[in-house]
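Please work through each task before reading its solution.

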Amino acid sequence: MHLTDSHCHLADKRLYSDLDEIIGRARLAGVRTIISVGAIGSIESDRLTVEIAEHTPGVCAAVGVHPHHATDCTSKRLEELRELARSPKVVAIGESGLDFHYMYSPAEVQEASLRRHLELAAELDKPIVIHCRQAEKRLAAIIAEMTLPRRGGVVHCFTGDTVAAETFLKLGFYLSFSGILTFRNAQQVRDAAAHVPLDRLMIETDAPYLAPEPYRGRRNEPAYVIRTLAVLAEIHQTQPELLAEKIRNNARRLFGLDTVLIGVL
Ligand SMILES: [Zn+2]
Ligand SMILES: [Zn+2]
């Protein structure tokens with residue numbers, strides 16, 4: 001089986017401090033492709049993410065500024081991201097987006113940062129990775145106004161309802177589901193997942209956050225993506241192996257994984 005963890009944060013110190021073992025366990029679990037996202041914290045986390053990707057076959061990188069840190073999305077920072085994105089291992093821009101749940105940056109600053117990320121993705125001809133928490137309507141309005149970059153995008157860790165899922169699908173997004181799908185109280189997310197066609201689905205860990213059941217509350221890692229796959233296969237009444245193959249192809253298509261020599265874990 002070829003599993004794809006479409007979103008995690010390997011540069012986070014909770015994972016990086018243990019990286020060889022985490023990569024080893026991912027490989028044993030069947031994870032062959034990982035998209036590691038910088039974006040959280042300073043530019044150093046993007047730098048380290050690219051470095052890890054360049055040294056690890058099967059690991060690719062996304063670079064950007066997380067909406068929590070949207071106030072850091074300056075022209076200087078964008079220039080640094082542009083520079084990092086020259087690495088063939090950088091396959092996406094992000095994560096950017098809107099988080100009106102935590103609201104760590106003011107809404108208008110998050111929106112300005114999102115617009116600059118959409119422009120950057122279009123300029124560099126890369127797909128965009130979107131983070132959206134309790135801001136589905138506003139996000140959809142901005143995307144509808146600006147349109148997705150030519151290469152498309154993914155809404156990661158989708159936690160909206162069926163209506164939001166349909167809106168994002170219409171805009172052209174892939175939807176990625178995290179360990180939340182395995183939580184007992186997440187029926188709304190499972191209902192939404194049932195409405196997503198197989199050729200628009202992805203799965204992720206968002207490690208070190210959001211460990212799936214039965215690891216909920218503990219440090220998450222890419223090997224656990226198999227738990228989310230199992231639940232998603234049940235929802236779509238298909239075999240995990242078949243779904244994993246679909247998801248692998250979706251990730252290939254979105255992130256252009258056939259055009260770069262990325263190898264496998
Ligand atoms: Zn996120
Ligand atoms: Zn993330």
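The exercises below each consist of a task and a stepwise solution.

The model is predicted: local features need pLDDT of at least 70, side-chain atom pairs count only at pLDDT 80 or more, and totals for chains, interfaces and linings use all residues. Residues are numbered from 1 along each chain as its sequence is written, and chains are lettered from A and ligands numbered from 1 in the order in which they are written.

**Exercise 1.** Determine which residues of helix 7 are buried, and what they pack against.

Step 1. Helices (H or I, at least four residues) and strands (E, at least two) are DSSP runs, numbered from the N terminus. A residue is buried if 20 or more other C-beta atoms lie within 10 Å of its own, exposed if 12 or fewer, and partly exposed in between, with C-beta atoms placed from the backbone.

Step 2. In helix 7 (residues 162-171), Ala 164, Ala 165 and Phe 168 are buried. Their directions from the helix axis to the C-beta atoms fall within an arc of 100°, so these residues line one face of helix 7.

Step 3. Val 163 and Lys 170, on the other side of helix 7, are exposed.

Step 4. Two residues are in contact if their C-beta atoms, placed from the backbone, lie within 7 Å. The buried residues of helix 7 pack against helix 6 (136-146), strand 6 (153-156), strand 7 (174-177) and helix 8 (187-194).

**Exercise 2.** Describe how helix 3 and helix 4 are arranged, and which residues make the contact.

Step 1. The axes of helix 3 (residues 43-55) and helix 4 (residues 75-84) come within 11 Å and cross at roughly 0°.

Step 2. Angles under 35 degrees count as roughly parallel, over 145 as roughly antiparallel, 65 to 115 as roughly perpendicular and the rest as oblique. Helix 3 and helix 4 are therefore roughly parallel to each other.

Step 3. Helix 3 contributes Ile 43, Asp 46, Arg 47 and Val 50 to the contact, and helix 4 contributes Arg 77, Glu 80, Leu 81 and Leu 84.

**Exercise 3.** Is Cys 8 buried or exposed, and what are its contacts?

Step 1. Cys 8 lies in strand 1 (residues 3-8).

Step 2. With 30 other C-beta atoms within 10 Å, Cys 8 is buried.

Step 3. Leaving aside neighbours within four places in sequence, the contacts of Cys 8 include Ile 34, Ser 36 and Pro 222. Ala 207 is 199 residues from Cys 8 in sequence, yet 4.7 Å away in space, C-alpha to C-alpha.

Notes
Axes are lines fitted to C-alpha atoms, for helices over the stretch in contact, and angles run from 0 to 180 degrees between N-to-C directions.
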